[in-house]
Amino acid sequence: MPAQIIGFDDNKRRISTQQLLQKIYAALEEGETEFEVLSSGHHDVGGPLWTEDGSPLKFRVRNPGQRVGAFGLDGTEILVEGSAPADAGWLNAGAELTILGDGGDTTAHCAASGKIYVAGRAGARSGSLMKHDPAFDAPEFWVLKNTGSFSFEFMGGGIGVICGLNCEDLPSVLGERTCMGMVGGVIYVRGPVSRLSDDVWLLDLDDADRRFLSENMPVFLGKIRRPELLDTLTEFSRWKKIVAKTYEERRVHSRPTIHEFRLNKWVEGGIFGDVVHDDYDYVAGLVNTGEDRLKIPHWQDKRYAAPCESSCPSAIPTQDRLNLLRQGKVKEALELVLQYSPFPGSVCGEVCPNLCMDACTRQFLDHPVAMKELGRLSLEAASPAPKAASGKKVAVIGGGPGGLSAAWQLRLRGHAVSVYESDEEVGGKLRQVIPSERLPAEVLQTEIGRFRAMGVNFRTGTKVDAPLFEQIRAESDAVVLATGAHNPVVIPFPGHERLVKGLDFLKEINAGGRPAVGEKVVVLGAGNAGMDVCLGAYAMGAKKVTSIDIQRPAAYKKEIDHVKALGGEILWPVFTDKVDEKGVHTKDGRLIEADTVIIAIGERPDLSYVPREWLTDRGMVDVDGCFQVARAAGVFAIGDSIQPGLLTHAIGAGREAAEQIDVFLSGGEMSPKLKPEMILQKCLGKELFRPRNRGRFCVGDAKDESSRCLSCGTCRDCSMCLEACPEGAIRRLELENGKYEYVSDDHLCIGCGICAGICPCGVWGMEQVV
């Protein structure tokens with residue numbers, strides 16, 4: 001008696017496919033070779049399975065899911081009582097699959113051996129990619145009625161038999177676009193066939209074909225329980241066969257001449273007759289100028305952003321800095337960055353992860369342009385002069401990098417700015433948290449001095465609560481919320497009260513204190529803040545520091561390498577179960593010994609001073625695309641107040657918010673700023689630059705980086721296009737403002753594209769004429 005495999009549990013609920021297959025495997029292990037499977041859409045029933053002694057396997061399946069009989073092996077016989085969904089017999093490797101109903105899409109797809117019998121129709125792409133390994137019998141695919149479209153596409157071998165029973169009214173028993181890309185095998189077809197691929201021939205049967213069908217048709221009809229159709233289906237006058245053209249036959253093409261095409265096709269009623277009217281008087285030459293060109297060049301200076309500029313949250317156009325250095329305008333180059341960020345030395349030169357370097361095109365030649373060194377060059381640069389006083393007052397709540405960036409930009413635009421800071425000094429996490437070995441105090445102090453010289457009013461030691469906030473809002477024309485995130489996140493597992501908060505730990509160190517730590521320290525969290533805590537722990541006397549995280553460490557490689565160089569260890573994935581006097585107990589039963597456990601997995605903002613209805617469900621300020629609070633006109637929010645991010649994200653948001661506030665204060669209509677499209681690497685002529693030896697590369701004078709920058713998307717005025725143009729169509733024009741542009745003369749240009757091909761910066765683009 002066959003083994004009974006039921007796809008439901010004792011409560012008549014459907015079990016998973018994995019559970020059903022496990023039942024089959026268990027029965028097979030017990031020596032069963034015949035199976036009756038009551039399925040409920042379970043897939044992959046029937047293969048690939050075998051017995052140790054080679055005994056054949058038999059399956060009777062009801063209501064199967066996809067891929068019934070997939071990968072079926074020689075010696076396996078599968079009978080489906082009814083229809084089967086998609087992929088039946090997929091990659092069949094020798095099994096016999098009989099479907100007493102219709103087959104779904106891609107039936108017999110990729111079949112390589114065995115036989116598949118369908119008592120009804122087969123869906124789209126059935127028989128596609130069938131193949132034949134001469135070491136094994138060819139696969140056979142028999143269908144009583146018809147197939148869906150795209151059947152037998154890319155067929156490489158095997159035999160298909162489509163009987164076309166009761167399909168006389170169909171345009172084609174093989175559907176639309178059948179046999180596309182067919183290169184081997186044979187298909188026997190009975191009934192109407194139309195729209196065959198040009199890759200095949202439709203031929204009459206020969207004696208060998210009739211003999212094959214006569215011998216095997218009774219077997220097929222017996223399998224699908226329709227033996228009464230034998231006389232009907234062996235009357236061969238309506239049968240044809242389809243075979244693939246040879247390689248040589250496919251190469252034969254019949255093309256009309258241009259003259260024949262123009263006279264016979266390019267006419268009224270022809271394929272273009274409804275959109276083009278030919279006067280037959282003018283024929284363009286092969287090489288043309290003006291409107292007859294196929295492509296037109298355009299000088300697109302700064303149309304696309306360089307990768308460094310696009311990836312920089314502060315949108316600093318480093319390529320412009322380096323172009324100015326290349327022109328000898330050192331002062332202008334060093335001062336340019338201050339239009340975008342007030343912290344070129346502290347952030348760009350010291351603590352920024354330098355996303356611009358990760359995107360720099362030069363890395364594909366040798367090493368990225370040295371952005372840190374460039375940032376340090378601007379440490380002593382003179383501040384830009386602010387515009388004339390506007391008479392508007394703006395309050396900034398929070399003196400961290402985001403708030404200071406907004407204050408800087410607003411002051412440059414002529415507005416009076418007051419910064420409210422609860423600490424005794426401004427700088428936020430730049431001053432409070434980042435170790436001095438990563439950010440020297442004198443560097444930050446120098447850049448903070450620019451703000452005072454610019455006239456920004458600092459109100460330190462002022463914690464803003466709800467009443468004071470309302471007063472500030474009433475006295476100001478606009479307000480910026482930039483209080484950052486200073487409430488450490490703590491997970492309430494057993495023993496969490498033993499944890500030292502990483503942010504408080506770093507603040508105490510930077511304030512000159514020496515928080516006590518044991519010899520063994522475990523840090524929960526392996527982000528950049530976690531690495532700072534590890535460094536702080538070593539500075540406070542720890543002998544062994546271990547950082548753990550539940551996921552791949554989010555810290556940047558150079559921060560991780562710094563910690564490891566001191567002897568630190570980083571473990572992941574590690575899930576904390578509890579903390580006690582012995583250390584950290586993990587959920588897999590390990591103990592990581594620790595005298596001190598510090599948590600550094602992130603912080604949340606304290607926004608208790610603003611109305612609760614201004615916040616999202618996640619406790620962040622709800623802003624629109626212009627950084628304006630959704631429920632409060634004239635109030636703007638940036639940085640960690642709206643979403644967690646890097647210091648440079650806060651600086652960039654401060655600049656963008658200041659631009660929107662400037663529009664707001666002038667009575668204009670604010671609109672979200674769109675990020676410029678980044679130039680594609682394929683547009684750049686990297687092969688025109690000489691790479692340096694990677695192993696011996698070192699940065700000397702950062703100003704010399706101007707020779708390494710590719711100036712992506714920005715013209716470097718090299719005149720290579722002007723010199724390379726074969727028609728002399730390009731000219732360089734001097735403009736009144738001291739700038740320049742390159743233009744192409746339409747009357748001389750032939751649209752050859754040499755200018756676009758030779759341009760190292762990707763500035764020339766070719767417009768395809770429609």
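In which loop is the place of Glu52? Glu52 sits in the loop between strand S2 (34-38) and strand S3 (57-62). The model is predicted: local features need pLDDT of at least 70, side-chain atom pairs count only at pLDDT 80 or more, and totals for chains, interfaces and linings use all residues. Residues are numbered from 1 along each chain as its sequence is written, and side-chain values use heavy atoms, with hydrogens and water left out.

**View 1. A patch of negative charge on the surface.** Glu29, Glu30, Glu52 and Asp53 make up this patch. Patch members have over 30% relative accessible area and no salt bridge, and like charges are joined within 9 Å. Glu52 counts as exposed because its relative accessibility is 87% (buried is under 20%, exposed over 50%, partly exposed in between; 1.4 Å probe, protein chains only).

**View 2. Strand S25 (residues 596-599), covered on both faces.** Thr596 and Ile598 are buried on one side, and Val597 and Ile599 are buried on the other. Strands are DSSP runs (E) of at least two residues and helices are runs (H or I) of at least four, numbered from the N terminus. S25 pairs in the parallel sense with strand S18 (residues 500-501) over 2 bridges, and with strand S19 (residues 520-524) over 4 bridges; pairing requires at least two DSSP bridges between the strands. Opposite Ile599 in S25 stand Lys501 and Leu524.

**View 3. The salt bridge of Glu96 and Lys223.** The structure holds 38 salt bridges, each a side-chain nitrogen of Lys or Arg within 4 Å of a carboxyl oxygen of Asp or Glu. In this one, the N to O distance is 2.7 Å. The pair links distant parts of the chain, with Glu96 in strand S5 (residues 93-99) and Lys223 in helix H2 (residues 207-223), 127 residues apart. Glu96 is buried at 18% relative accessible area, whereas Lys223 is partly exposed at 27%.

**View 4. The salt bridge of Glu677 and Arg303.** The closest N and O atoms are 3.8 Å apart. Glu677 lies in the loop between helix H19 (647-665) and helix H20 (720-724) and Arg303 in the loop between strand S12 (295-299) and helix H6 (307-311), so the bridge ties together parts 374 residues apart in sequence. Glu677 is partly exposed at 47% relative accessibility, and Arg303 is partly exposed at 42%.

**View 5. The salt bridge of Glu734 and Arg732.** Their closest N and O atoms are 2.5 Å apart. Glu734 is exposed, with a relative accessible area of 56%, while Arg732 is partly exposed at 30%.

Notes: Patches are made of residues with over 30% relative accessible area and no salt bridge: like charges are joined within 9 Å, nonpolar side chains (Val, Leu, Ile, Met, Phe, Trp, Tyr) within 5 Å. Accessible areas come from the Shrake-Rupley method with a 1.4 Å probe; for residues, only the protein chains shown count as cover. Lys and Arg count as positive and Asp and Glu as negative; His and the chain ends are not counted. The place of a charge is taken as NZ of Lys, CZ of Arg, CG of Asp or CD of Glu.
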